[in-house]
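Open the structure in your viewer and keep the selection tool at hand. This tour goes from one selection to the next and says what is found at each stop.

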Amino acid sequence: MNVLVLKPGREKSLKRRHPWVFSGAIERVVGEPKAGDTVEVRSADGAPLAVAAYSPDSQIRARVWSFDAKATTNAEYFGRKVKQAVALRAALPASKHTNAMRLVHGESDGLPGVIVDRYADVLVVQFLSAGAERWREAILDALVAATSCEAVFERSDAEVRKLEGLAPRVGFARGNRNASRCPITEYGLHFRVDVAEGQKTGFFLDQRENRQRVRELAAGREVLDGFCYTGGFAVAALAGGATKVLALDSSAPALEVARENLAANALDAGRMEFLEADVFAQLRTLRDGAKKYGLIVLDPPKFAPTAAQAKNAARAYKDINLLAFKLLAPGGLLATFSCSGGVGAELFQSIIAGAALDAGVGAKVIGRFHAAADHPVALEFPEGDYLKGLLLLRE
Ligand code: SAH
């Protein structure tokens with residue numbers, strides 16, 4: 001087998017079971033591994049540490065498949081990993097309340113670069129690393145075997161594939177279905193998922209429990225849902241008894257699905273308004289009109305994928321949250337989120353504190369949000385903990 005020999009001292013992160021080997025940690029490559037090939041990783045003194053997927057074009061030069069350096073990567077190995085991941089989800093309480101779940105969450109499931117979401121009887125997969133790409137067929141077979149889903153749609157069109165030297169690939173990898181409207185159910189609410197053209201794999205499953213929380217809080221309140229996408233929080237809030245909901249997004253296709261999602265549920269559609277707008281501008285318009293809300297949800301896109309963009313992201317988070325505080329009625333609630341890997345929970349809270357201060361309102365943290373349990377965070381992979389949110393009560 002080909003071998004990556006690390007520089008002295010660079011075995012430390014692997015010994016803590018962090019699954020990435022950066023290019024700068026490698027002393028030399030023994031053999032001629034190709035993209036995606038399995039390599040053995042050894043410390044400078046020759047001790048075997050792991051088997052990993054080689055990624056010659058990426059700064060993350062190898063991603064660990066197993067810390068058992070004797071492990072063999074073959075179809076059987078991936079079959080086992082996929083089965084484990086699927087079994088973990090079947091055991092979650094949420095599996096009794098929805099037929100849409102994340103089945104494989106990359107590194108945290110021991111499958112770096114592999115993302116799989118289940119939308120009822122359709123799977124959506126992303127192969128985002130050279131190693132994942134190398135084992136694509138074996139993983140697809142394993143998924144079909146473990147789930148009995150016959151249709152698997154591939155959304156390997158994420159930007160990160162470029163860093164791995166991989167071209168995008170989109171389309172059915174197995175079977176066929178109407179990919180633009182996959183019906184799912186979440187806590188009794190009905191949604192349609194456009195797995196072909198929607199954002200990411202089509203739906204934000206990580207927010208499932210947080211939507212449910214917002215639903216519980218919405219009764220009797222007038223709600224503003226910024227960045228509503230296909231209406232997840234907005235529909236949940238209306239179902240929870242919101243008096244009125246204004247839902248904003250800049251994407252016309254997302255709002256088209258949002259309107260269908262509203263219609264798919266037995267709700268009073270007259271209490272919902274979907275508006276195509278830029279949230280930054282619309283919040284200002286609402287503030288100038290002295291509008292007040294009892295519950296505001298802000299779930300913006302990833303402003304800072306990495307720590308390098310944290311500063312600009314901080315400005316954007318502060319801007320929208322400052323405006324939201326001004327739009328909150330006394331006793332109002334703000335559920336505010338960040339899915340930026342580059343902005344940690346502590347930094348996020350300090351940005352929100354600055355926003356409240358500058359808005360001149362007092363607020364307390366009365367709850368914290370995370371990604372749902374089908375998006376587990378391996379302890380040794382803190383990068384997996386990207387979604388954070390605060391529930392704030394305005395004084
Ligand atoms: N809360 C949603 C997910 C939001 S994803 C859910 O639970 O399903 C972020 C959304 O922000 C996307 O739909 C994107 O179209 C929208 N968006 C990005 N920038 C925007 C802007 N400046 N104004 C309004 N919407 C924006």
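**Stop 1: the ligand and its pocket**

Select the ligand. The space it takes is the second largest pocket. Keep in mind throughout that this is a predicted model.

Now show the lining of that second largest pocket. About 500 Å³ of space lies in it. The lining is made up of 28 residues, and those nearest the centre of the pocket are Q199, F204, D299, P300 and P301. To see which helices take part, colour α7 (232–239) and α9 (279–288), each of which supplies at least two residues of this lining. Coloured by class, the lining shows 14 nonpolar, seven polar and seven charged residues.

**Stop 2: the shell around the ligand**

Next, select the residues that surround the ligand. There are 16 of them, and R211, D249, D278, V279 and D299 are the closest. By class, this shell splits into nine nonpolar, three polar and four charged residues.

- For D249, pick a polar side-chain atom, which lies 2.7 Å from an oxygen atom of the ligand.
- For D299, stay with the side chain: one of its N or O atoms is 2.7 Å from a nitrogen atom of the ligand.
- For V279, turn to the backbone, where an N or O atom lies 2.9 Å from a nitrogen atom of the ligand.

How much of the ligand's accessible area does the protein cover? On its own the ligand has 580 Å² of accessible area, and the protein covers 90% of this.

**Stop 3: the largest pocket**

Several elements can be coloured here. The strands β2 (20–22), β6 (60–66), β7 (100–105) and β8 (114–119), along with the helix α5 (160–163), each supply at least two lining residues. The largest share, three residues, comes from α5. By class, the lining of the largest pocket has 13 nonpolar, eleven polar and 13 charged residues.

**Stop 4: the cavities**

The last stops are cavities. Rolling a probe the size of a water molecule over the atoms shows where empty space is left. How many cavities of 30 Å³ or more does a search of the whole structure find? The search finds two.

For the largest cavity, select R102, D117, K200, T201, F203, F204, L205, D206, H375 and Y386, which line it. Its volume is about 70 Å³. Four nonpolar, two polar and four charged residues make up this lining.

For the second largest cavity, select E186, Y187, L189, F191, R208, R211, Q212, R215 and A236. These residues line about 40 Å³ of space. Which element gives the largest share of this lining? That is α6, with four residues. Both β13 (189–193) and α6 (208–217) supply at least two residues each. By class, the lining has four nonpolar, one polar and four charged residues.

Definitions and conventions. Residues are numbered from 1 along each chain as its sequence is written. This is a predicted model: local features need pLDDT of at least 70, side-chain atom pairs count only at pLDDT 80 or more; totals for chains, interfaces and linings use all residues. Side-chain values use heavy atoms; hydrogens and water are left out. A residue is near a molecule or strand if one of its heavy atoms lies within 4 Å of it. A polar contact is a pair of N or O atoms within 3.5 Å; within protein, one must be able to donate a hydrogen and the other to accept it, and residues adjacent in sequence count only if both atoms are side-chain atoms. Accessible areas come from the Shrake-Rupley method with a 1.4 Å probe; for residues, only the protein chains shown count as cover. On a 1 Å grid over the protein atoms alone, a cavity is a set of points where a 1.4 Å probe fits but cannot get out, and a pocket is an open set with protein on both sides within 12 Å along at least five of seven lines; lining residues have an atom within 4 Å of a point. A molecule sits in a cavity or pocket if more than half of its atoms lie within 2 Å of its grid points. Ala, Val, Leu, Ile, Met, Phe, Trp, Tyr, Cys and Pro count as nonpolar, Asp, Glu, Lys and Arg as charged, and the others, Gly among them, as polar. Grid points are joined across faces, edges and corners, and a volume is the space filled by probe spheres set on the points.
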